[in-house]
Number of protein chains: 2
Amino acid sequence: MTVELICVGTELLLGNIVNTNAAYISEKCAMLGLSMFYQSVVGDNERRLEELLKTAKGRSDVIILCGGLGPTQDDLTKETAAKVMGRPLVEDKRARKEIEEFMAKRSRNVTENNWKQALVPKDSKVLYNPNGTAPGIIIKEGEQRVILLPGPPNELIPMFEEQVYPYLHAIQPETICSKMVKLCGVGESSAETKILDLIEGQTNPTVAPYAKTGEVHLRLTAKAASEAEAFQLIVPVEEELKKRFGNLIYTDDPTVTLEMAVYELLKAHNLTVTTAESCTGGLLAGRLINVPGISTYLKEGYVTYSNEAKEKLLGVPAEILRQHGAVSPQTAEAMAEGGAKAAGADICVAVTGIAGPDGGTEDKPVGLVYMSCYCRGKLHTEKNQYSGSRSKIREYSVASALTLLRRAILEH
Amino acid sequence: MTVELICVGTELLLGNIVNTNAAYISEKCAMLGLSMFYQSVVGDNERRLEELLKTAKGRSDVIILCGGLGPTQDDLTKETAAKVMGRPLVEDKRARKEIEEFMAKRSRNVTENNWKQALVPKDSKVLYNPNGTAPGIIIKEGEQRVILLPGPPNELIPMFEEQVYPYLHAIQPETICSKMVKLCGVGESSAETKILDLIEGQTNPTVAPYAKTGEVHLRLTAKAASEAEAFQLIVPVEEELKKRFGNLIYTDDPTVTLEMAVYELLKAHNLTVTTAESCTGGLLAGRLINVPGISTYLKEGYVTYSNEAKEKLLGVPAEILRQHGAVSPQTAEAMAEGGAKAAGADICVAVTGIAGPDGGTEDKPVGLVYMSCYCRGKLHTEKNQYSGSRSKIREYSVASALTLLRRAILEH
């Protein structure tokens, strides 16, 4: 069964707000096993909305519209949908009563245009709205459904969870299940080359790669009659991915981030960690501390942006800084070793580089970043050359540092 | 001139990611005075993309496509656009060379599928991409333009800012000028109520509010025959905003960020600063270090996530921690004062709070964050209560801490 989403609102076309409703509804529809092929955004304009709705009617089983159900004159989603579906608008007694009560509760006066919200297309299913004055509506014509939902997320989400999801689940025979196999320390194209046969050969489950900063995510999606069956289809393909990528895979759980995977390793090996950051300037510690509970393993971190700070806080010998410079493998290693000692931690990840845009030289260009991970006496040191903006270079450095930290623990 | 946006990516249709590109591009197009009537999202599917592109060709002057320019098999935006526009794909020497260099710099092997990214539609304008291997493309046919951009925001945004925006600005007949008046330390709704008369009354220039994390941006957009005239129209409205918001305005330059404004203040007053972070765990230092040149004023920063670290690195008395707890105004002030002393800096901003999801109590709920700024002997302390996810709470804390730092310098 196919579903199509139409979001109505000029504020979306002007970029005043981000369309989080689209992501929310899309994810729910994917969970329901509905195939969404199109999403559109259109302003509060009758002609364009009508044209879009007619197109959708010609190609999708379920059409979800959200927004434009308000009381004002420029809210015309309902009027347009009723017109396209050839249904007159009739007043729904209960909707009118609920609007009355809703406004009374907030001691607000019901203005004339509020009653407009009690009108619904004839013979449609009304989705009553405890969180606002605009009821949702389901218009069924043969096997096709047009579903109208209010725009504000605090009205749309409860209405979808409690009324729309169960309704769609009841009419949808198939289930879709997804797994996200996440890799670090490998580029998108080399990852894809490794599994081209799977990407091209697989139809159920499908394998789709996504490039993230310093990571590659592979989404496995299977369709079946039941969730259990769908997951059964995924198992052998995931096994194959594990064979091919081994340790580069850090999770198959879409909710697990790289820093969470590192946290689990710290916990499993009961190792404490600290950070010594120059060009990343706190972003690495900041990412590790995204993980609730990290406090047991990360007690402190150092932002040592200047040479003085590297000497003072990490005990980097002035000699090393003078001889090799702040951006050198020697300094990175001295930072890592010194940081671990200063914090009394088992591990210290140190990053030093040239984030730019200035400060680059012939032999030390912008984007050159050295990182070293000290882990219980052993040093793992890495040279990276990034390009792009200052923030991009710093983001990539953080991702590589987390990957290096993960590798150091695994090899520990 | 009308513009239409088509975002390509199955991950959007599955709700794996929120479509922030759409909001970004829409906002920029609004700034350019381009009228956007349609946004669509379609998956990595040639037939549907082709159909959508043909529809767009029939109704819009500028068509922007983003996503689907990667090296993998399921990236087919470029191939489809070339087909619809009737242009063969030819290899762009410079693009090929830049891909080679990009991969070499990262000591990654160029796999066969990378070369696919060096192919561009014949006679098109190539937008070279320093942040990735997929170049952007502009195909001009008569007065119509089809613009292809890479999907990852850290590639798309710089490319749009540096290459697409100037290109579109040059072909836009009306002269549109806009200024972005940026406020910190005020909520969106209270900012809006302060200027409702301007938002509703103004037609040229228009005043549009945008809510950002811990900030409100007011965009003033004027249309006129010449740039000078347009700016003349903006002047009185901006003056009025300055009257109403005063010091809450930190810039009227769209390229200036809050951390850049803080940096300029540090420079102007020649003050050094350090950071003492608990729940933000390095993100505050990380944001300050976004600014190139900050090293003169920020030498080091402390991530003191544990009580031990607060005592050891900042000299927070154990007594205060025991009596008032780590999340208290007393601890925040001791962190600020101690941090400044430890770093030998004029200023120290300290943040301590409960980012959640756990650790909240009846009288100290999740989202409670104390921050204190020590500035040359004077303490500025603030209590904040945020709601939302752990990361939202930390992001808001960083924005408030920068705002507090700014206020402390201004009052210094």
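Among contacts in chain A between residues at least 6 apart in sequence, what percentage join residues at least 24 apart? I got 68% for chain A, with contact meaning heavy atoms within 4.5 Å.

**Ground rules.** I am working with a predicted model, in which local features need pLDDT of at least 70 and side-chain atom pairs count only at pLDDT 80 or more, while totals for chains, interfaces and linings use all residues. Residues are numbered from 1 along each chain as its sequence is written, chains are lettered from A and ligands numbered from 1 in the order in which they are written, and side-chain values use heavy atoms, with hydrogens and water left out.

**Chain A as a whole.** I found 15 helices and 17 strands in chain A; helices (H or I, at least four residues) and strands (E, at least two) are DSSP runs, numbered from the N terminus. The radius of gyration of chain A is 28 Å, well over the 22 Å from the globule rule for 412 residues, so the chain is more spread out than a compact globule. That radius is taken over C-alpha atoms, and the rule is 2.2 Å times the number of residues to the power 0.38. Along the principal axes, the C-alpha atoms of chain A fill a box of roughly 85 × 50 × 40 Å.

**Burial and surface.** I checked burial next: 57% of the 412 residues of chain A count as buried. Buried means under 20% relative accessible area, exposed over 50%, and partly exposed in between (1.4 Å probe, protein chains only). Chain A exposes about 16,100 Å², and carbon and sulfur atoms supply 52% of that; the areas come from the Shrake-Rupley method with a 1.4 Å probe.

**The core.** Which residues have the most contacts inside the largest nonpolar core? I noted A:Ile25, A:Ile64, A:Leu149, B:Ile25, B:Ile64 and B:Leu149, in a core of 54 residues. Helix H7 (residues 153-171) of chain B gives the largest share of this core, seven residues. A nonpolar core here is a set of buried Ala, Val, Leu, Ile, Met, Phe, Trp, Tyr and Cys residues joined through side-chain atoms within 4.5 Å. I then followed A:Ile64: leaving out residues up to four places away in sequence, its contacts include A:Ile25, A:Leu149, A:Cys29 and A:Phe160.

A:Leu314 sits in helix H12 (residues 307-314) and is buried, at 4% relative accessible area. Beyond its neighbours within four places in sequence, A:Leu314 contacts A:Ala276, A:Tyr302 and A:Met335, among others. From A:Leu314 to A:Ile25 I read 50 Å, C-alpha to C-alpha, across 289 residues of sequence. A:Arg47, in helix H3 (residues 46-57), is exposed at 53% relative accessibility.

**Helix H4 of chain B.** Is this helix enclosed or open? Six of the eight residues of H4 (residues 77-84) of chain B are buried, so it is largely enclosed by the rest of the structure. Among the buried ones are B:Thr77, B:Lys78 and B:Val84. B:Gly86 follows H4(B) and has a positive phi, near 65 degrees.

Most residues other than glycine have a negative phi, and most peptide bonds are trans. With that in mind, I flagged the cis bond from A:Asn204 to A:Pro205, with omega near 5 degrees. A:Pro205 is in the loop between helix H8 (196-201) and strand E10 (206-212) of chain A. B:Asn204 and B:Pro205 are also joined by a cis peptide bond, with omega about 5 degrees. B:Asp123 is not a glycine, yet its phi is positive, about 60 degrees; B:Asp123 is exposed, at 63% relative accessible area. B:Arg376 has a positive phi of about 45 degrees as well, and is partly exposed at 48%.

**Last stop, B:Tyr128.** This tyrosine, B:Tyr128, lies in the loop between E6 and strand E7 (136-141) of chain B. B:Tyr128 is buried, with a relative accessible area of 16%. I listed its contacts, not counting residues up to four places away in sequence, as B:Asp92, B:Arg94, B:Ala95, B:Glu98, B:Met159 and B:Gln163.
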